[in-house]
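Student: I would like a close look at one part of this model, taken slowly. Could you walk me through how a helix sits against its neighbour?

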Amino acid sequence: MIFRKIDLFLILIAVVSSSAEIADRILAVVGDEVILKSEVDQYVDHQRYTSKANFDENELRSKVLDELISNMVMYDIALRDSTIKVSDEEVQRMLDNRIGAIIEQVGSEAKFEEMYNTTVSDLKKQYRSDIRKNLFIERIKNKYVQKISVSRNEVKEFFNIFKDSIPPAKATVSLSQLVINFSKDALQKTKSVDILKDIKSKIISGEISFEAAAELYSQDEATRKKGGSLGFTKRGDLVSEYERTAFNLEPGEISEPVKTSFGYHLVKLIEKTGEKINTSHILITPSSSIDNDSTAMKFTYSLRDSVINKKMAFEEAVKKYSSDEKTKYSDGNMGTVEIEQLDKKYIEIFSNAEVGSLTEPIKEKDGYYIYKINDKKNAHKIDLDSDFSYLKNLTLERKRKTELKKWIEELRKKVYIEIK
């Protein structure tokens, strides 16, 4: 793990939970929506919480209120646009993902509720409306900015105007990673997933029915004799990963292997009615572990040797064995990072590595990491030809900001606004 990001959502929850009861009042009315003093207070408190420098609070409050008004204007316009839709499932999925990530950071749901003096259920109720509004706002904004493009001449003009103020490009490295965790199911995970994929292919080909496969293979003793059936359950009854997967399926559809605290499942949606689902599943539970450095290290080195000796492509090793869910299905690709932003030991490793090479396995707290160096660029002065894509993105970003600001000003004329 090279670097970590702080969760802004977590900070905001901390701010909200620490400001128990605040006298509230309406600061502005935008269309059918109101903007409350407490909303502005949240942002100001967050700035006070995170900023090391002094700032003008009145000026910040004015800017925050203006931005909230602009957001509510876009929300009002988005609601009128018949092409923009936000489903309950999307809102629920985003809530589950955001809150699930926070719970994972703090350790458990119980610990989360104790730390922030609220329940997960109450938090979802509190933020559901905000999540829905944000999705509408992002969609109307994206719909507008996606129409904006820049020509080569515009990029050239941008470069000629700003070339003396554009900072030099920093040294970068493009990486892919293969991760072997110390987690209890790190080795057996691959076997579990492969078993379930094989079972699914047999079901899809008609070789066996889902119900017969559940009775034959599932390790859930409570349901295997019933063809894996869990019957009807309502939202919140089952573990979130299983539930999220099931609600996103169409009736009759079978999921890809999904991990929960019980193991790995194939989920089949039988029927969906409102907030209720009727599902069946096949469960495979990992049976052994990588529980020590020696086993994990030997396994990681053997994978590296297999790739170097061309017995297996790096991308194949990633798909089969990597523990990192975010990158394993994209060949381990992590994108491009600035070398100076990395931990000191990685700066030395990547600075000396050749393009196309693999690092030695690197031990971290959670396991062993192998990195493939896909590309490297040294620090250099920005050039129109060699850095055209970078300059195009800068030009486009600047144009989008300018055009978006003009567009919002025009939208403000179409929406009722009253500042109290």
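Tutor: Happy to! Helices α4 and α5 are roughly perpendicular to each other, a label for angles of 65 to 115 degrees. This is a predicted model, in which local features need pLDDT of at least 70, side-chain atom pairs count only at pLDDT 80 or more, and totals for chains, interfaces and linings use all residues. Residues are numbered from 1 along each chain as its sequence is written, and side-chain values use heavy atoms, leaving out hydrogens and water.

Helix α4 covers residues 88-106 and helix α5 residues 109-116; they pack at about 90 degrees with axes 8 Å apart. Helices here are DSSP runs (H or I, at least four residues), numbered from the N terminus. Axes are lines fitted to C-alpha atoms over the stretch in contact, and angles run from 0 to 180 degrees between N-to-C directions.

On the α4 side, the contact is made by Ile102, Ile103 and Val106, and on the α5 side by Glu109, Lys111, Phe112, Met115 and Tyr116; contact means heavy atoms within 4.5 Å. By class, that gives 6 nonpolar, no polar and 2 charged residues, where Ala, Val, Leu, Ile, Met, Phe, Trp, Tyr, Cys and Pro count as nonpolar, Asp, Glu, Lys and Arg as charged, and the others, Gly among them, as polar.

Elsewhere, helix α4 holds glutamine 92. At 7% relative accessibility, glutamine 92 counts as buried (under 20% relative accessible area, with a 1.4 Å probe and protein chains only). Leaving aside neighbours within four places in sequence, glutamine 92 is in contact with Lys124, Arg128 and Arg235.

Technical notes
Helices (H or I, at least four residues) and strands (E, at least two) are DSSP runs, numbered from the N terminus. Angles under 35 degrees count as roughly parallel, over 145 as roughly antiparallel, 65 to 115 as roughly perpendicular and the rest as oblique. Buried means under 20% relative accessible area, exposed over 50%, partly exposed in between (1.4 Å probe, protein chains only).
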